[in-house]
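Biologist: Hi! I'm new to this one. Could you walk me through it?

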Amino acid sequence: MYVCFLKRETLIGRKRFDSYVDAVENVINWINIYNTKRPHSTINMMSPLDYEAQLHNHAQEVTF
């Protein structure tokens, strides 16, 4: 599933990258956004960073 988002959001509509390095940089940038900032439907349209912060805050509330 992860790969289909990469294709749709980064690769579709683009015939070529300027170089191999350009392609790698684009994919790395997309992975970074996907894993940190992009909302995910499985976690109530929150970014993974926001979800992790919410879990951390909840865990602190439970332990204190």
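Modeller: Happy to! One term to begin with: buried means under 20% relative accessible area, exposed over 50%, and partly exposed in between, using a 1.4 Å probe and protein chains only. This is a predicted model, where local features need pLDDT of at least 70, side-chain atom pairs count only at pLDDT 80 or more, and totals for chains, interfaces and linings use all residues. Residues are numbered from 1 along each chain as its sequence is written, and side-chain values use heavy atoms, leaving out hydrogens and water.

Biologist: Thanks! Is Asn44 buried or exposed?

Modeller: Asn44 is exposed, because its relative accessible area is 68%. Asn44 sits in the loop between α2 and α3 (48–63). Helices here are DSSP runs of H or I with at least four residues, and strands are E runs of at least two, numbered from the N terminus.

Biologist: What about phi of Asn44?

Modeller: Phi there is near 55°, a positive value in a residue other than glycine. Met45, found in the loop between α2 and α3, also isn't a glycine and has a positive phi of about 60°. Met45 is exposed, with a relative accessible area of 53%.

Biologist: Switching topic: which residues of α2 are buried?

Modeller: Asp22, Ala23, Trp30, Tyr34 and Thr36. Thr36 counts as buried because its relative accessible area is 18%.

Biologist: And what is Thr36 in contact with?

Modeller: Leaving aside neighbours within four places in sequence, Thr36 is in contact (heavy atoms within 4.5 Å) with Ser47, Pro48 and Leu49.
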